[in-house]
Amino acid sequence: MILLFDRCVKYIVATAVPMAGTVQKWQHLVAQCFPAGLLGIVAFALALEITDPLGPGLDPDALHYLGAAESLTAYATYRVPIATWDSADSTSALAHFPPGYPTAIALGVRLGMPPIQSARLVQATAAFVTITTLVLLVSAAATPLAGILLAACLFATPPMHEVHASVLSEPLFLACLALTVATMAWRPDRPLWAGIAAAIGAITRYAGASLVGAVVLWALTQQGSVRERLRRAATALFPALVLEGWWVVRTRVVAGSGEIREFALYGNLGPTLSQGAATLTAWLVPDPNADLDPIPHRGTIAVAAAIALAALIAIGSWHTWRTVRGLQMEDDPRAPLRWQLLRAGALVLVCYVAVVIASRVTADPSIPLDARILAPGLVLVTTLGSAALGAWWCRTRQAIPRIAVGAALLCWGGASIASTYDEAREALEQGSDFAGEQWRKSELLAWARTSGVDRPLYSNWPSAVYLHLHRPVRELPRDSRAVTLAAFADTLRVRDGRVLVFDVPATEFTANAALLNAPGLRQILRTRDGVVLAPSSRSR
């Protein structure tokens, strides 16, 4: 009996110890995930709030996203409600934009949601994924306080508000970017996971090719034989090859062999670089009163802030590398993951900047280095800075540097929050882009909604026509040659169409003056924001 009792006690102890360890692990996991999940829920709620009163901002690209989502839901094909003036069909195949974002919107439309409301849900869900993933990653790699600081910085950054407040593909791309960096840092031995996240990012935005390149390079730089490295790289590349290969073949079949971009060498980089410098200055040194009382020497302050931020990341990376290599005696169990995060984030950042610059030089001279284009880079720099700051803060014992860094963060955060608040308030009260008051109360669109309801429509702003009237619309000619305008007038006469010429100029189409004076066209209505043109009774 004593022997049996002794064995039972030993069995209970042997069973309870692993269970206690498991409970402790679960408690530690919940303690790490709870702040990240809570901040993700806050991001989800904020993304819904900033798009609620007048709906999300309607960028011209929204026509392609919303139209393709509706087409995919109704007809299982990617088509957009816009076409060239000489096209027999009033719709065209989606080719200028990748299908990832329209597909995500189509999921909500399939469930019965209006396209714009589905887009709002996609934006909010993407914000939740981005914040939760990055906060969890930085908290595990540095400190929980660093993760919370990262979320606060991203909430306060005006570019984050700009891309989440409109129907744009950037929020979904940022979620893919966050998942790509997290899988690269957490599971470098699982290249397929990072490859899937990168492939979805590449099918969401063409700049997502940078994510694919980053995961392939990451797989090649991991330890192992040459054969193992090549196998990992091929595994990481496989999802992108499947998705991108399908999209390229599909686009060639339904949209023809015409190129989306005309590849050449485009110079005149000065204005582009100046715009990029202005965007970085506005991020590093936010100025809510820039229009009335601008900060003196703002550019110089921005350069100093950039140098300080780069030095902070370099110092944090240096100490992390020395800890991982065993050159420092301090015990830092988070250092290996932090080193992986710093390396992965820096690699993705370099690849993204390289793809943007290469695209500007060889594919599209009109690519702007604005807040929308640079938002992924700003998110990556903020993530790296938060991880490095968390490591440096725990290591330094000097009060003066801590006070200086804390004061700088408070000043930057206050100014950035004020700038973001001003932008959000203006968007909520007046609307953004085509959701603005001038488009919502347009007399030209009011005429098209009533008198032009049974006429084919052409316009220099086709996105405005579709987004407010929910009707397909054709573009105007892109040149002002007499033969082109004559053919356009004849086409308009055959179809008995009407032209909505908004006074706001559109640079990609023929000038308003040339169109108003074109033979074969006559003005039938003048409104406060434009004119309505109709074909003359006889051909020229």
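Predicted model: local features only at pLDDT ≥ 70, side-chain atom pairs only at ≥ 80, totals over all residues.
Let me start with the whole protein. It has 20 helices and eight strands. Along the principal axes, the C-alpha atoms fill a box of roughly 110 × 60 × 45 Å. Of the 540 residues, 48% are buried. If you take the contacts with a separation of 6 or more, 71% of them are between residues 24 or more positions apart.

Now the surface and the charges. On the charge side, I have 44 positive and 38 negative side chains, with the centres of the two sets 8 Å apart.

What about empty space inside? Rolling a probe the size of a water molecule over the atoms shows where empty space is left. Here that search gives three cavities of 30 Å³ or more. The largest cavity has a volume of about 50 Å³. Which residues line the largest cavity? Among them are Ile50, Pro53, Leu54, Gly55, Pro56 and Gly57, and the lining also includes Ala165, Ala427, Leu428, Gly431 and Ser432.

Asp433 has a positive phi of about 55° although it is not a glycine. You'll find Asp433 in the loop between helix 15, residues 399-430, and helix 16, residues 437-440. Its relative accessibility is 41%, and therefore Asp433 counts as partly exposed.

Ala76 is another one to look at. Phi of Ala76 is near 60°, again positive in a residue other than glycine. Ala76 belongs to the loop between helix 2, residues 62-75, and strand 1, residues 79-80. Is Ala76 buried or exposed? Ala76 is exposed, because its relative accessible area is 65% and the cut-off for exposed is over 50%.

In each case I leave out sequence neighbours up to four places away.

Val212 is in helix 9, which covers residues 209-221. With a relative accessible area of 11%, Val212 is buried. Val212 touches Ala198, Ala199, Ala202, Leu237 and Ala240.

Thr272 is in helix 11, residues 270-284. Why does Thr272 count as buried? Thr272 has 9% relative accessibility, and buried means under 20%. Its contacts are Arg360, Ile367 and Leu369. Thr272 and Asp370 are 98 residues apart along the chain, yet their C-alpha atoms are separated by 9.1 Å.

Val405 has a relative accessible area of 23%, so it is partly exposed. Which residues does Val405 touch? Leu389 and Trp392. The C-alpha atoms of Val405 and Leu389, 16 residues apart along the chain, are separated by 9.2 Å.

Methods:
Residues numbered from 1 in each chain as written. Heavy atoms only, no water. Helix = DSSP H or I, 4+ residues; strand = E, 2+ residues; numbered from the N terminus. Buried < 20%, exposed > 50% of the residue type's maximum accessible area, 1.4 Å probe, protein only. Contact = heavy atoms within 4.5 Å. Lys, Arg positive; Asp, Glu negative; His and termini not counted. Charge placed at Lys NZ, Arg CZ, Asp CG, Glu CD. 1 Å grid on protein atoms, 1.4 Å probe; cavity = no way out; pocket = protein on both sides within 12 Å on 5 of 7 lines; lining within 4 Å. Points joined across faces, edges and corners; volume = space filled by probe spheres on them.
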